[in-house]
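Welcome! Please take a look at the sequence and the model, and then read on.

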Amino acid sequence: MKVGVIVFPGSNCDRDMYHVLTDVFKLDAEYFWHDKGLPKNIDAVILPGGFSYGDRLRSGAIAAHSPIIKDVKKMAEKGIPILGVCNGFQILVEAGLLPGALLKNTSLNFMCKWTSLIVENNKTPFTNKLKLHQKIPIPIANGEGRYYVDNETLKKLKKKNQIVFRYSEVVNGSSDRIAGVCNEDGNVVGMMPHPERAAESEINPIDNKPSSLIFESLLNTIGVKS
Amino acid sequence: MSLEPQELDDLTSKIGRKPTSTELQIVAAEWSEHCSYKSSKKHLKMLPMKGPLVISEKGYDSGVLDVGDGYVITAHIESHNHPSAVEPYGGAATGVGGVIRDILSAGTRPIAIFDGLRFGDIEKDLQARWLFKNAVTGIADYGNCLGIPTIGGEVEFDECYSNYALVDVAAIGFGKKKNLIKNHAKKGDLVVLLGGSTGRDGIGGSQFASDSLESENRSAVQIPDPFIEKLIIEAILEARNQNLIHAMKDLGGGGLSCAVSETADALSIGIEMDVDKVHTRESDMNPDEIMVSESQERMLIVTNNDKLKKLQEICKKFRITCSVIGHVTSDNMMHVKKGTKTCANLPTDVVANATLLDRPSKKPAYLKNIEQEKKLKPILDYSKMMMKFISSPNIASKIWVYGQYDHEVGIRTVVKPGMDSSVLRLDNGKFLAAKIDGNPKHCYINPREGAIGCFEEACRNVVCTGAKPIGMLDHLQFGNPENPEIFWTFLESLKGLTDFAKYFEIPCVGGKVSLYNETPSGPIKPTPIIGILGLIDKTPLYSKKITAGDCLVIIGETKNEMGGSEYFEYIHKFIGGKCPVVNFQESKTNMNLVLDVIQKNLLKTVHDCSKGGIAVAVSELCMTHEIGCDVSLEKVPGPKLDVDRILFSESHSRYLLVLEKKNLKKLEELLKKSKASYKMIGVFDGENIRFNKENKPVIDLRVDKAQKTWLNSLRELVVHG
């Protein structure tokens, strides 16, 4: 079982994600630079946060056209677990793998703060060890983190159980307080908050267990598979 | 852009001929105050710079400290005052970029940014508000994009910064000792310019920064591009891992002129370069412009022919340009050509070493009666006054600022911004605490004691986390040094810092001097900024939630030292009085005692007592932990004082300790054995912050109301005016 961590020019949470996957959860992980393809033996893919291409044009817009995204799309179709965090989520949205858009926060500022999430779907490869409606203390750090969908899409998301996380409070003006969504099949998940910044007790001032369950869910999913 | 007449004579006699126009530009940049430190260099030598943990190498722009187990930290501080006063967004952002490249130059990965910001009175002055808002956004956009957490700093407002801005940026790097770049070069090595293209931005920036700010010179301000900087960081660290770099220097003030001459001078080599090989943003730039452009995100690297191909491959991977612009010679000359034509050919030691000055100094006349107090208007309602005080820009929470900075990226930040000092975890299991502090109000009244106070306050802040101070950074910001009165304040501050550093054996590992901080309305107050690095071997003090029944103990004496206090200046609009003075012995006793008590695991939290005095420090604890407290003012140790002086005096060496009642006896046993003054002065409980005298409240605030005001007032002021 191997997790691919994709690195774009300007990614800056790749090393944090790699540390948590390997040092904390003892998963086998490997970095993949954006301009190549992904090998076949990858069991899960993570797109970490950062400022790919310096957020030029729109967050995630340029990275979504990287060569490696073609392989990410193929893997998404095959049902392989894919997680986009922060800029990774923005890239998945720009690549058309997830619905909606991410707009500037209502404060118009970059926001770095601890908040909490509520688990709305615990059937995905990244949430299957969490309880439904469980609270997750977790930090956000973004300027364009306001998730937006039109009403029709929102209805569809609810119907198909595609809302994975909601904020427990109004944080940035996201539609229906949505913090994370998945595709219809549930294998592609995107979230704005940073689980890799909350999974260790040393850096989580509140409780690191809920966030570690995100990684344990992945371990559970791909561990069973191999 | 030119040299002073006597400097021109000096140059002519040193090279034995009339300089060319390019030579004049190169020398004017390098001999500017900003690059040459010609006014300050002679005196800076007094600071202790050696210590058991200090590693010194040739040609470093940052200080290096050994933190054990084969790891080092690097640290540096810079300012970008003049550019930020004209174009706050770009000025502040490129300030971050510059100091980050200094950290990178040593071969270490930048892991933290700190920034100290100072502006005019934002309550009244709309321009100050505009400068403040945009400088914060500039720092946020740059640091966030790089993925380097901004974990601390300070923000202060004072009328002396009207129409001006002080933007100080410090950065910390971390790496393996064996990966440090040991700068070296030999004849035939290649000189490579890597990164952003050279354009017409920032031309003459260092001379611009070496004069009073009278007119806005926008072309002297650099344009930021954090995306390229991020690519440079990753490319250089990859090149470092492959051992491709012989020597490296950031391009900062003075651009290529300084980077080339200083590298050559530090390594005792010559460099021959061709301006036509420099990748430029515009096609028609002349050699003079290319040599002094301060375009950002550029690094000068010395490598050799065998390693060049690998370096080029790395640059290709990151899509950054690298140009071979010249090679190393053995003649100790800086030879600048355009094609085959020589534009400049100067001895590197002449370029890199301006004639140092010994400027006259004289005690300023204003200091004669400054310690005299005037009669103050009595305060009728201290509770009402206190609410106004905690909403004032200098006292209010700075969450609006640090909430815009990614302070978590890198997942090292174990103690978050907001209280005394942030703490980072290091790969060897140790922890690093760091803080920067300044206090121009104290320094104006007494430049020596004020500077020492900044030093002690920064130490106190790291001590509150359980860290022992191991290194200091100083950034000395003053007005025009040609004015003997201003130069006197510079010397006094420097002497004070030197005395404190020697007494505590804290080496100065890096620093910067910024002079000519003046506008037509006058000079700034003396503003030395001190950064302290503290090391924690085992665990930092993780603040635990204060609950009902917990005890409040103060260590240190509260003295009649009101000069430069926020209370005098903000509430009474009075500048004067006696500023707080650090008693070195008392300071050391209290510092060691607090570290000892933290190690014994007796405390829930420790908070430094500084700006706004006990009143503000206790209120901060209450507002942060959402709990009330009853404080008995008559129990506060020190000479007998009026209540307002006990509440608002900013005496140094004081710490507030919070602990569970069951640990009180053990704590008192430890304190009794020491020479420190201490007393239990309060108990946490309920929903009100009360400061009592003879059981009657002098101040009585509801915690929730106070907290809301304290957290929101700065944002309200900036966003809604």
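Let us begin with one pair of residues: His475(B) has Lys512(B), in strand 18 of chain B, as its bridge partner. Helices and strands here are DSSP runs (H or I of at least four residues for helices, E of at least two for strands), numbered from the N terminus. Strand 17 (residues 468-477) of chain B runs parallel to strand 18 of chain B, and 6 bridges join the two; strands count as paired if DSSP finds at least two bridges between them.

Both strands belong to an open sheet of 6 strands in chain B, with the order 14-15-16-21-17-18 and mixed pairing. Strand 14 and strand 18 (508-514) of chain B are at the edges with a single partner strand each, so one side of each has no neighbour in the sheet. From one strand to the next, the twist averages 25°. Helix 18 (residues 484-504) of chain B lies across strand 17, strand 18 and strand 21 (527-536) of chain B, at about 175° to strand 17 of chain B. Such angles run from 0 to 180 degrees between N-to-C directions, with axes being lines fitted to C-alpha atoms, for helices over the stretch in contact.

## How to read this model

This is a predicted model, in which local features need pLDDT of at least 70 and side-chain atom pairs count only at pLDDT 80 or more, while totals for chains, interfaces and linings use all residues. Residues are numbered from 1 along each chain as its sequence is written, and chains are lettered from A and ligands numbered from 1 in the order in which they are written.

## A sheet ordered 1-2-3-6-4-5

Chain B also has an open sheet of 6 strands in the order 1-2-3-6-4-5, again with mixed pairing. Its edge strands are strand 1 (54-55) and strand 5 of chain B, each pairing on one side only. Strand 2 (residues 63-68) and strand 3 (residues 71-79) of chain B are antiparallel partners over 5 bridges, and Gly68(B) stands opposite Tyr71(B) in strand 3 of chain B.

Two helices can be followed here. Helix 6 (residues 88-105) of chain B lies across strand 3, strand 4 (109-119) and strand 6 of chain B, and runs at about 30° to strand 6 of chain B. Helix 7 of chain B packs on the sheet too, touching strand 4, strand 5 and strand 6 of chain B, with its direction at about 175° to that of strand 4 of chain B.

## A loop with Asn163(B)

Where is Asn163(B) found? Look in the loop between strand 5 (150-157) and strand 6 (166-176) of chain B. Asn163(B) is partly exposed because 15 C-beta neighbours lie inside 10 Å; a residue is buried with 20 or more other C-beta atoms within 10 Å of its own, exposed with 12 or fewer, and partly exposed in between, with C-beta atoms placed from the backbone.

Leaving aside neighbours within four places in sequence, Asn163(B) is in contact with Gly120(B), Gln127(B), Thr519(B) and Ser521(B). Contact means that the C-beta atoms of two residues, placed from the backbone, lie within 7 Å.

Domain bounds come from an automatic or database domain assignment, which gives chain B domain 1 (1-30 + 182-354), domain 2 (45-180 + 357-364 + 389-538) and domain 3 (543-721). In chain B, 36 residues of domain 1 are in contact with 36 residues of domain 2. Helix 9 of chain B supplies the largest share of the domain 1 side, 8 residues.

Of the 16 residues of helix 9 of chain B, 13 are buried, so this helix is largely enclosed by the rest of the structure. Just after helix 9 of chain B comes Asn243(B), with a positive phi of about 60°.

## Where the chains meet, and a look at chain A

How many residues of chain B are in contact with chain A? There are 24, and they meet 22 residues of chain A. Helix 7 (126-146), helix 9 and strand 14 (413-415) of chain B each give two or more residues to this side.

In chain A, Lys26(A) is not a glycine, yet has a positive phi of about 55°. Lys26(A) sits in the loop between helix 1 (14-24) and strand 2 (28-33) of chain A, and is exposed, with 8 other C-beta atoms within 10 Å. Leu57(A), also not a glycine, has a positive phi of about 70°.
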